[in-house]
Amino acid sequence: MRTLRWAQRALIVLVAMLPLLLVTLAFVPALLVLPFRRERAAHAQAMVRQLSAWTRALLLSSRER
């Protein structure tokens, strides 16, 4: 029974990672350009913070309770 819960959790994390990976790939061009423009550096930092928060939320929600 414990193995089944582990497999379900792994599958849920895998499925949840797909949208996160798509968003990360969509952010890459902006993250390559924005930091080099002074007025947009804050936007790049905000994007990185948001990606970090989403990743952290995904990993914390997958932990066994």
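L11 counts as exposed, at 52% relative accessibility. Here exposed means over 50% relative accessible area, buried under 20%, and partly exposed in between, with a 1.4 Å probe and protein chains only. L11 is found in helix α1. Helices (H or I, at least four residues) are DSSP runs, numbered from the N terminus.

This is a predicted model, in which local features need pLDDT of at least 70, side-chain atom pairs count only at pLDDT 80 or more, and totals for chains, interfaces and linings use all residues. Residues are numbered from 1 along each chain as its sequence is written, and side-chain values use heavy atoms, with hydrogens and water left out.

**Helix α2**

Helix α2 covers residues 41-61, 21 residues in total. From first C-alpha to last it reaches 30 Å, close to the 30 Å expected at 1.5 Å a residue. That expected span is 1.5 Å times one less than the number of residues.

Which residues of α2 are buried? They are A44, M47, L51 and L58. Seen down the axis of α2, these buried residues fall within an arc of 60°, so they line one face of the helix. The arc is that of the directions from the helix axis to the C-beta atoms. An α-helix has 3.6 residues a turn, so residues three or four places apart point the same way. On the other side of α2, R49 and R56 are exposed.

**Packing against α1**

The cover over the buried residues of α2 includes α1 (2-33). Contact means heavy atoms within 4.5 Å. The axes of α1 and α2 come within 11 Å and cross at roughly 170°. That makes α1 roughly antiparallel to α2 (angles over 145 degrees). Axes are lines fitted to C-alpha atoms, for helices over the stretch in contact, and angles run from 0 to 180 degrees between N-to-C directions.

On the α1 side, the contact is made by V13, A16, M17, L20, V23, T24, F27, A30 and L31. On the α2 side, A44, M47, V48, L51, W54, T55 and L58 take part. By class, the contact has 14 nonpolar, two polar and no charged residues. Ala, Val, Leu, Ile, Met, Phe, Trp, Tyr, Cys and Pro count as nonpolar, Asp, Glu, Lys and Arg as charged, and the others, Gly among them, as polar.

**Single residues**

V23 lies in helix α1. V23 is partly exposed, with a relative accessible area of 27%. Not counting residues up to four places away in sequence, V23 touches L51 and W54. H43 sits in helix α2. H43 counts as partly exposed, at 42% relative accessibility.

Some C-alpha separations follow.

| Pair | Apart in sequence | C-alpha to C-alpha |
|---|---|---|
| V23 and A53 | 30 residues | 13 Å |
| H43 and A30 | 13 residues | 9.4 Å |
| L11 and R49 | 38 residues | 26 Å |

Terms used: Helices (H or I, at least four residues) and strands (E, at least two) are DSSP runs, numbered from the N terminus. Angles under 35 degrees count as roughly parallel, over 145 as roughly antiparallel, 65 to 115 as roughly perpendicular and the rest as oblique.
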